Amino acid sequence: MEQQKRYGHFDDQHREYVITDPQTPWPWINYLGNEDFFSLISNTAGGYSFYKDAKFRRITRYRYNNVPMDNGGRYFYIKDGDTVWNPGWKPCKTPLDFYECRHGMSYTRITGKKNGVEASVLFFVPLKKWCEVQKLTLKNESKEVKQLKLFSFEEWCLWNAATDMENFQRNFSTGEVEIEGSTIYHKTEYRERRNHYAFYHVNAPIQGFDTDRETFVGLYNEFADPQAVMEGKPRNSHAHGWSPIASHYIEVTLQPGESKDFVFLLGYIENEQDEKFEALQVINKKKAHALIAELDTTEKVDKAFAELCALWDNLLNIYKVRTGNDKLDRMVNIWNQYQCMVTFNFSRSASFFESGVGRGMGFRDSNQDLVGFVHQIPPRARQRIIDIASTQFPDGGCYHQYQPLTKRGNNDIGGGFNDDPCWLIFGTVAYIKETGDFSILDEMVPFDNQPGTEVTLFEHLKISMNHVINNLGPHLLPLIGRADWNDCLNLNCFSWDPNESFQTTENVSEGTKAESLMIAGLFVVTGKDYVALCKKLGKTDEAARMQKAVDAMIAAVKKDGWDGEWYLRAYDFYGRKIGSNENDEAKIFIESQGWCTMAEIGAEDGMVAKSLDSCKKYLECEHGMVLNNPAFSKYIYEYGEISSYPEGYKENAGIFCHNNPWVIIGECLAGRGNDAWSHYAKILPSYVEEKYQTLHKVEPYVNCQMVAGKDAFKPGEGKNSWLTGTAAWMWYTVSEFILGIKPDYDGIRIDPCLPETATDYTVNRKFREADYEITIHPNGQQKGVKSIVLDGKPVDGTVIPYAPGKHVVEVTM
Ligand code: BGC
């Protein structure tokens, strides 16, 4: 194997990934912010900020797919004599004497050194505050006095990130700013319908500023050599229209050994309609002043930072494992959980692959994300469930996406994705098992956010199940609608027009025979959960009704969903098999193998074992399991987008990491620990990090959505990092099925599935008001708990009954 260059390493003690070379194979980013104010930041300080919604409240501008890559961000220019440099290397790219970027839990610290000066910037969003802090520390490590000229830089976005990129006939005339002391205010459109503005402040006197981009940069210059910086002379420009920016100019003198802190604040403010102005056209700055006052000293900033770190200490204290395998422990204890929180916050909206303008929160995505963070912040999970259910329709169908700012269903995409309703059961059950809070089922939740339409959440779950039952096809399998989990398997779309979207064009439901085995498996899994829930609630008739539907589905899969060695994937519009040995290409698909093995359909007849073996034989490769095999080599009109991708990418035989865990869980349920582990380790970032930093390209500390599959031009190349259901599924898989610590209604079920090589390990799990220390002794077994001892007393069965307080548990396999 070719030795791959490394660009960084894990620092587990500080829960950081340390990047030591700025020229990573792709920008390696991090996320700041936890509730309302968010930022994306790359290892060279590129990226942008927004308030709640990356489309409608974009605060700073970012240009995707730019040349050079990742151009634009929060930049500090340091002019030391004739040398101009940035602590994050970009945009000047002046070679640094030292560079380091530490991505941590909701913060990033970038340090550069040049000619005896160290510049270190800590970026974070303080808890409950609408701002990004940039604490810059300048230190003179040389023996001479340093006279530095410091320029800050941010470029404002005109709020709506979509129109900001296209409506130039208007945009070039609307930009407005105000300058007051060391604060630059951005107030475009504030004079009319906006009640919000942004500001960029520094807690030091300034000797100049700029707010007009062309004046600062120069029309024929670039971010790498802004005229004002190169000449060491700010222009004190006022933006009127064109492109407003914010740049402070500060002259800094540093004695040998001396260091100085500067706190820069990028803030966002909302005012009530009748309190918008101080005077004609003068914005009311009261709230801005107050926010600035909360963070205007190093001490205040350090305190806010300590609070953020404490939050993460608490969040990561809820589930902690010690296996002795650093690569596993760091993913379970730090990065997997962190990625889950980020996907919860951002859904699929804003990353370096998702431009923040295209998509809101997904119905299915958000429900899946829930299992990744429900143990950490149950109240927010609860709210999320209610928000999601509120976008459902009375027949159980639902909007495929909703906008986070308004919480309204997204009309551009609409509904008709027939797997969506089942996910509501999945998310809700996970929430109740974690918290024991059955009261959520009594919450009154509207349809399509229409007041007056409220029914209980339980009713929403019921109609979700019914939606599947009411939409069965000729083989009594679920009709697929626009698509199931695989947004790109569009069996009712039939498009020859490249200007149409596969997802929203024509959902020919009249006469369709297109059925999905993926939904069939999902229905059985969530149906069993629903039945158990009904029994728990004493709703025995409803439990019996749904058990019948589940049994019927199992029978339908066995009869018409089995291809001999694996489960079929679907039937097309005309009722022809998809994912069958009879097909020329794409004979086998992963989704139905995952869901039908998770549902254990036909386990007693050997179907599960055969399906899992087929995954190993046909789907597995060095970098994980591909989605389908062989890849499609041509566009198939009846299949839609899936066949539009070149071989090995995305839904056409890419390794769609999201669905690998389904098969891994199938393996775990079947007790095949060695196989489960080997699939898992192939897509575990810490293992990839060690071997493939250059090939993989994207961030080595988180999962990406897709790794190019075995049929691709470059197998192993990763894409679409960060925002992916993979995060929650990897977490669910390892925490509950591999390590085997499973929240249940009445306690914690212990049911690990491990490779034979596993040694003793301990999990510290906080659960409701209890604190368990669980030590597992695998004894070379892959599956099967022999005995459990709770606080010195043997337990019957595999569930540790819930009781508040501290407990010690010993498990022997
Ligand atoms: C979407 C998911 C979808 C998956 C497979 C992702 O980009 O967010 O909702 O299930 O692609 O098509």
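Author: First, a term for the elements: helices and strands are DSSP runs, numbered from the N terminus. By that numbering, W242 lies in the loop between α4 (227-231) and β18 (244-254). Keep in mind that this is a predicted model.

Reader: What makes F168, F172 and W242 a patch?

Author: Patch residues need over 30% relative accessible area and no salt bridge, and nonpolar side chains are joined within 5 Å. F168, F172 and W242 form such a nonpolar patch on the surface. Together they have about 320 Å² of accessible area.

Reader: Why is N30 called buried?

Author: Buried means under 20% relative accessible area. N30 has 0%, so N30 is buried. The residue is found in strand β3 (residues 29-32).

Reader: Which polar partners does the side chain of N30 reach?

Author: One is the backbone oxygen of Y107, at 2.8 Å. Another is the side chain of Y338, in a polar contact of 2.7 Å. The cut-off for a polar contact is 3.5 Å. Both distances, 2.8 Å and 2.7 Å, therefore fall within 3.5 Å. Among the other residues that N30 touches are S39, L40, H103 and W722.

Reader: How do you know which residues are around the ligand?

Author: A residue counts if one of its heavy atoms lies within 4 Å. The residues around the ligand are R348, R359, R364, D365, W485, N486, D487, E651, F656 and Q705.

Reader: Which polar atoms lie by an oxygen atom of the ligand?

Author: R364 places a polar side-chain atom 2.7 Å from a ligand oxygen. For E651, also through a polar side-chain atom, the distance is 2.5 Å. D487 uses a polar backbone atom, 3.0 Å from an oxygen atom of the ligand. Taken alone, the ligand exposes 310 Å², and the protein buries 94% of that.

Reader: Now salt bridges. How many does the structure hold?

Author: The structure holds 61.

Reader: What makes K285 and E178 one of them?

Author: The test is a side-chain nitrogen of Lys or Arg within 4 Å of a carboxyl oxygen of Asp or Glu. The side chains of K285 and E178 meet at 2.5 Å, N to O. That is within 4 Å, so the pair passes. K285 lies in the loop between β21 (282-283) and α5 (286-294), and E178 in strand β14 (residues 177-180), so the pair ties together parts that are 107 residues apart in sequence.

Reader: Are K285 and E178 buried or exposed?

Author: Buried. K285 has a relative accessible area of 3%. E178 stands at 12%.

Reader: What about R364 and D419: how far apart do their side chains meet?

Author: They meet in a salt bridge at 2.6 Å, N to O. R364 sits in helix α8 (residues 363-373), and D419 in the loop between β24 (401-402) and α10 (420-435). They are 55 residues apart, and the pair links distant parts of the chain. Both residues are buried.

Reader: Which residues do shared partners join into one network?

Author: R61, R63, E155, D164, R213 and E214, through salt bridges.

Terms used. Residues are numbered from 1 along each chain as its sequence is written. This is a predicted model: local features need pLDDT of at least 70, side-chain atom pairs count only at pLDDT 80 or more; totals for chains, interfaces and linings use all residues. Side-chain values use heavy atoms; hydrogens and water are left out. Patches are made of residues with over 30% relative accessible area and no salt bridge: like charges are joined within 9 Å, nonpolar side chains (Val, Leu, Ile, Met, Phe, Trp, Tyr) within 5 Å. Accessible areas come from the Shrake-Rupley method with a 1.4 Å probe; for residues, only the protein chains shown count as cover. Helices (H or I, at least four residues) and strands (E, at least two) are DSSP runs, numbered from the N terminus. Buried means under 20% relative accessible area, exposed over 50%, partly exposed in between (1.4 Å probe, protein chains only). A polar contact is a pair of N or O atoms within 3.5 Å; within protein, one must be able to donate a hydrogen and the other to accept it, and residues adjacent in sequence count only if both atoms are side-chain atoms. Contact means heavy atoms within 4.5 Å.
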